[in-house]
Amino acid sequence: MKKQLTYSFDRYPKTEQRSLQAWNAADEYLLQYFESLEIFEPNISIYNDRFGFLTCHLHEFSPNVVINFASQKKSIIQNLKLNQLSKDKINFIEPLSDLEKNINIAVLKIPKSMDLFRLQLMNIAKSLDKDGVVLCGFMTRHFTPQMLSIANDFFESVEQSKAWKKSRILTLKKSKPIKDENIINSISFEDQTFKQYFGVFSAKNIDVASQFFVKHWKVKDDAEKVLDLASGNGFLAKMIRLKNPESKIHLLDDDWLAVESSKLNFANDNENTFFHYNDSLEVFEDDFFDLIVCNPPFHFEFETNIEVAIELFKQVKRILKKDGSFQLVANRHLNYKTHLIKLFDKVEKIKADRKFEIYVCKFLL
């Protein structure tokens, strides 16, 4: 694969962990398989290309690139620019959008979420030509039998390759008729029902950390402007709305499906509710929020990484009012307090159990 050596890649968001690259062997193996197919005039869709490795190498074919995260699109565009490749040749599409025309090849990195994998294969099966091929790459250590089960739900032919550099490829052919097109999970909590699209974090129940948070947080009834940061399906924001119907509540998440899920849960409450599909807080003015609540992300696909959360904390400092409150729930082993005390005048742990702890961060007036 001589072409691979001609391109350079940076990670966005940036990381200080030198062991983390912008691609792995599964990406390289996918390219090898793609080249071996020798498809005439390939019409390609690419899925879960987090940093643009596949997009850059397949750029000449003007692929569809399905974007799950705001940061993903920024990263891909950054690496296209780095390699002097035009972004105008790329058709960026959202996860639930129909493809403009049928494809004859899909190139997919299998995600950590098997619900998201199911959603993506369902969409691919609807748009794949009868002789089309789906290439699914994964690192062998991440294999689960559920991958094969889901693939067999949507395709007649499912073949697994031999291992290469500890990675494998599933080759899928011959789409099956789709029997069940449900793409939304429903989750009950107390007397509320929350909906979320397949692939959004915590599909079976409300995240345990978030449940612990709402049980013990110190949220007052008079917070005028509120931000649910890394909002997911909007659970924290909804709990605040029930407590204070008059608050202007903003929800922000990097995950497109999460933002769209939160809109489902606020379907009848749009006047004072605002949704932001973004990975940064640059859209907000300084000293803007009375209250910011957060269950911070620390999983970056198969990586455990708190750098994204810490960068968000730094931005929170700018947009929080001087008399405002930043409250978050954290897994105890992540040691967020070390970073929070560098940013805020007062960092108080208000509740903890053996797994989680809740912090309230403020400025001294």
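**Exercise 1. Which residues of helix 1 are buried, and which elements do these residues pack against?**

*Solution.* Start with the element: helices are DSSP runs of H or I with at least four residues, strands are runs of E with at least two, and both are numbered from the N terminus. Buried means under 20% relative accessible area, with a 1.4 Å probe and protein chains only. By that test, the buried residues of helix 1 are Ala25, Ala26, Asp27, Glu28, Tyr29, Leu30, Leu31 and Phe34. Next, look for contacts, meaning heavy atoms within 4.5 Å. The buried residues pack against strand 1 (44–47), helix 2 (53–57), strand 4 (103–109), strand 5 and strand 7 (167–175).

A word on the source: this is a predicted model, where local features need pLDDT of at least 70 and side-chain atom pairs count only at pLDDT 80 or more, while totals for chains, interfaces and linings use all residues. Residues are numbered from 1 along each chain as its sequence is written, and side-chain values use heavy atoms, leaving out hydrogens and water.

**Exercise 2. Why does the end-to-end distance of helix 1 agree with its number of residues?**

*Solution.* The expected span is 1.5 Å times one less than the number of residues. Helix 1 has 13 residues, so it should span 18 Å; its end C-alpha atoms are 19 Å apart, which agrees.

Now visit the two ends. Asn24 caps the N-terminal end, with a side-chain oxygen 3.0 Å from the backbone nitrogen of Ala26. After helix 1 comes Glu38, whose phi is positive, near 50°.

**Exercise 3. What lines the second largest pocket?**

*Solution.* First, the terms: on a 1 Å grid over the protein atoms alone, a pocket is an open set of points with protein on both sides within 12 Å along at least five of seven lines, a cavity is a set where a 1.4 Å probe fits but cannot get out, and lining residues have an atom within 4 Å of a point. A volume is the space filled by probe spheres set on the points, which are joined across faces, edges and corners.

The second largest pocket has a volume of about 640 Å³. Its lining has 30 residues, and Asn24, Lys109, Glu301, Phe302 and Glu303 lie nearest its centre. Strand 5 gives the largest share, three residues. Helix 1 is also a supplier, with at least two residues.

**Exercise 4. How many cavities of 30 Å³ or more does the structure hold?**

*Solution.* There are two. The largest has a volume of about 40 Å³, and Arg11, Phe300 and Glu307 are among its lining residues.

Definitions and conventions:
Buried < 20%, exposed > 50% of the residue type's maximum accessible area, 1.4 Å probe, protein only. Polar contact = N/O pair within 3.5 Å; in protein donor to acceptor, adjacent residues only side chain to side chain.
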